[in-house]
Amino acid sequence: MSEIQLELNKVSKRFGGLQAVDHVSFSVTKPELIGMIGPNGAGKTTLTNLMSGTLKPSSGTIYLNGRRIDGHPPYDVTRAGLGRTFQITRALGRMTVMENMMVPGLAHNPRASRKDLEARAHEILALLTIDHLTHELSRALSGGQRKLLELGRLLMLDPAVIILDEPFAGVHPRLQDTITNYIYRVHDNGKAIMFISHNMGAVFELSERLIVLHHGAVIADGEPGAVRNDPAVIDAYLGHDEEN
Amino acid sequence: MIDFRRFEAAIDNGIGRRKLGYLVIALIIAFFLWFPNDTSQSNYAKTVFISGFFYAIMSSSWALLAGIAGQFSFGHMAFMGIGAYVAGLIARDGFIFAMLGVNISPESISAVGAIIIGTVAAGAVGLVIGWLLLRLREAYLALFTIAFSELFRIMMLTEYDYTGGSNGLSLRPLLQIADVDAARQVEYYLMFGLLIVCLLALYWVANSPIGLFLRAMREDEDAASALGVNVVRYKILVFVFTSMIVGFAGAVFYSDVGSERIIPEQLEILQMSLIIAYAVIGGMESLIGAAAGAFISRYLLEAMRQVVISLPFGLTTADGSDAFVWDTGYWRFALFGVVMVFTLRYMRNGLLYPIITWFSGRDIAMKETVSKRESDDEHAARIEADDE
């Protein structure tokens with residue numbers, strides 16, 4: 001089991017006059033399944049971009065396994081042990097599925113033999129039910145298959161913390177099951193998985209812990225059953241009744 | 001009529017396409033090695049070939065930079081010029097050493113030494129330009145490199161006290177062979193050898209993990225970075241590497257091997273456009289395709305300077321000649337333009353792409369994978385069927 005110690009301390013991000021992320025603090029110290037929810041514009045993807053190095057925080061710090069990673073380029077954060085997928089899939093279109101898998105494999109293990117990496121990639125693709133498409137250009141894959149490929153690429157990196165941005169969006173229900181199985185299996189291997197989703201059924205089914213963002217700030221963080229009944233969360237989702 | 005499918009099946013069941021491809025490459029190399037020994041060939045023909053080899057280096061290295069790494073640069077000829085001009089100036093003028101405060105006489109620099117210094121200079125400028133281009137993509141990158149290229153050309157044109165202006169600059173001759181025929185022969189082999197070495201170096205990079213990372217960056221820089229690729233490092237690396245290749249080729253070519261002087265006209269955007277056109281026609285994502293596109297285009301452009309069509313059945317032209325002669329002038333470039341337009345519209349991977357994919361056997365793999373494509377619904381149905 002790999003070491004996990006992700007810590008966010010008062011992380012903020014401001015775009016001009018907009019406070020997209022507002023003093024967010026939380027930590028992940030064990031292999032947890034963490035759901036991250038919030039209404040549209042709550043700052044979920046921005047927070048993901050801050051953790052993965054795509055954006056630099058305006059203030060605050062992020063540590064991963066004792067190493068400060070905020071403001072570091074994404075490749076460095078990835079190598080430090082935090083991998084992510086994108087809300088809109090970013091398959092490397094004019095490269096084959098196997099080449100898509102080899103990019104993170106070789107970037108993470110430059111000295112590993114290609115043969116070993118290819119064998120590992122085959123195993124992962126079989127787990128994700130897309131091993132028959134190994135030599136296909138990734139731009140020819142269906143939407144759900146691209147999501148599966150993104151998940152497969154993450155496993156080649158073997159990160160301690162995985163952030164999945166809308167893994168179920170626009171995916172056939174049967175393929176959603178494949179993704180769910182993937183999440184359980186990766187979690188069983190000792191990884192912490194944080195996933196953003198608007199699919200509340202999946203969120204409450206999978207999550208061991210739920211973080212709720214609203215207007216860029218964390219308004220609830222805890223066990224899903226408790227979070228579900230938190231007045232602040234209900235208020236954020238359903239709105240505030242002025243008369244009551 | 002030849003049944004191509006039967007022929008194809010015979011190849012697949014026999015020697016195999018890939019081996020046949022290697023055999024064809026070996027035959028092409030054997031032809032180029034034999035060519036200068038053919039006594040019926042003039043020195044002019046050898047000169048055309050030498051120029052073809054030089055442009056093949058230019059286009060194939062540009063294919064690595066733009067076709068594989070996705071850095072659509074117009075600065076390639078400028079880097080070639082930097083290699084040639086620095087090699088020329090370092091061996092002629094003491095001012096560079098004086099500027100650096102080093103007490104070295106330019107006369108003591110050999111032609112080989114000058115070429116090495118020119119190559120390093122091209123790489124050093126490539127490093128700076130690569131760094132400046134880090135945040136620029138697509139049209140902005142192209143515009144920046146056009147500006148850089150023009151800036152360098154105008155500097156070479158204006159500083160005629162040092163560079164010879166429009167008359168150009170002579171470099172220290174690399175070879176000292178008195179006999180003209182023997183000299184052409186050696187120059188031919190030198191330039192051909194240089195092309196082979198450069199192609200091997202380019203192939204080595206393209207097929208290494210670096211080549212894979214460069215292609216990933218071409219597809220999506222942000223995704224490549226999220227997958228652990230140090231985009232900054234590889235972007236600069238490809239600029240430095242290709243700059244050094246063309247700087248080296250330029251310094252050798254203009255050391256009286258292919259041409260006796262480098263002139264600023266060589267650095268014009270039109271010349272750069274020709275390098276791009278050769279690569280596009282041959283196939284800009286294939287190094288060998290781009291090289292072949294450049295060589296064949298150079299040869300045909302030269303061969304088409306004058307078109308002679310012998311008239312049959314004793315027919316004569318109005319002036320009594322038995323052949324129709326057309327001095328094509330710039331029309332050959334117009335025809336070249338038509339080929340380019342056709343390529344871009346109908347064969348975006350280049351005219352040589354079908355041949356290259358056939359020999360590599362990639363078309364078989366592509367047909368197989370196409371048959372396995374499925375929608376999300378079909379994929380889900382297949383999993384369910386497998387589960388049952």
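## Aromatic rings and a surface patch in a predicted model

Leu335(B), Val338(B), Val339(B), Phe342(B), Tyr346(B) and Leu351(B) together make a nonpolar surface patch with about 550 Å² of accessible area. Patches are built from residues with over 30% relative accessible area and no salt bridge, with like charges joined within 9 Å and nonpolar side chains (Val, Leu, Ile, Met, Phe, Trp, Tyr) within 5 Å. A salt bridge here is a side-chain nitrogen of Lys or Arg within 4 Å of a carboxyl oxygen of Asp or Glu. Accessible areas come from the Shrake-Rupley method with a 1.4 Å probe, and for residues only the protein chains shown count as cover.

Please keep in mind that this is a predicted model, in which local features need pLDDT of at least 70 and side-chain atom pairs count only at pLDDT 80 or more, while totals for chains, interfaces and linings use all residues. Residues are numbered from 1 along each chain as its sequence is written, chains are lettered from A and ligands numbered from 1 in the order in which they are written, and side-chain values use heavy atoms, leaving out hydrogens and water.

**Chain B as a whole.** Chain B has 18 helices and 4 strands; these are DSSP runs (helices H or I, at least four residues; strands E, at least two) numbered from the N terminus. Its C-alpha trace spans about 85 × 70 × 40 Å along the principal axes. Of the 388 residues in chain B, 47% are buried, where buried means under 20% relative accessible area, exposed over 50% and partly exposed in between (1.4 Å probe, protein chains only). Among the contacts in chain B with a separation of 6 or more, 74% join residues 24 or more positions apart; a contact means heavy atoms within 4.5 Å. The chain exposes about 19700 Å², with 64% supplied by carbon and sulfur atoms.

**Aromatic pairs.** Over all chains, the whole structure holds 31 aromatic pairs. Rings of Phe, Tyr and Trp (its six-membered ring) pair if their centres lie within 6.5 Å; planes under 30 degrees apart count as stacked, over 60 as edge-to-face and the rest as tilted.

| Pair | Centre to centre | Angle between planes | Class |
|---|---|---|---|
| Phe35(B) and Phe49(B) | 4.1 Å | 5 degrees | stacked |
| Phe342(B) and Tyr346(B) | 5.3 Å | 40 degrees | tilted |

Phe35(B) sits in the loop between helix H2 (17-34) and helix H3 (43-68), and Phe49(B) in helix H3, so this pair links parts of chain B that are 14 residues apart. Both Phe35(B) and Phe49(B) are buried. They also belong to one aromatic cluster, whose members include Trp34(B), Tyr188(B), Phe295(B) and Tyr299(B).

Phe342(B) and Tyr346(B) share helix H15 (residues 331-346) of chain B, 4 residues apart, about one turn of the helix. Phe342(B) is partly exposed at 42% relative accessibility, and Tyr346(B) is exposed at 57%.

**Over to chain A.** The charged end of Arg90(A) sits over the ring of Phe86(A), 4.7 Å from its centre, and Arg228(A) lies over the face of Phe204(A), at 4.2 Å from the ring centre. The criterion is NZ of Lys or CZ of Arg within 6 Å of the ring centre and within 35 degrees of the ring normal.

His187(A), in helix H6 (residues 173-188), is buried with a relative accessible area of 13%. Leaving aside residues up to four places away in sequence, His187(A) touches Pro31(A), Glu32(A), Leu33(A), Ile193(A) and Glu208(A). Lys191(A), in the loop between H6 and strand E8 (192-196) of chain A, is buried at 7%. Its C-alpha atom is separated by 5.2 Å from that of Ala160(A), 31 residues apart along the chain.
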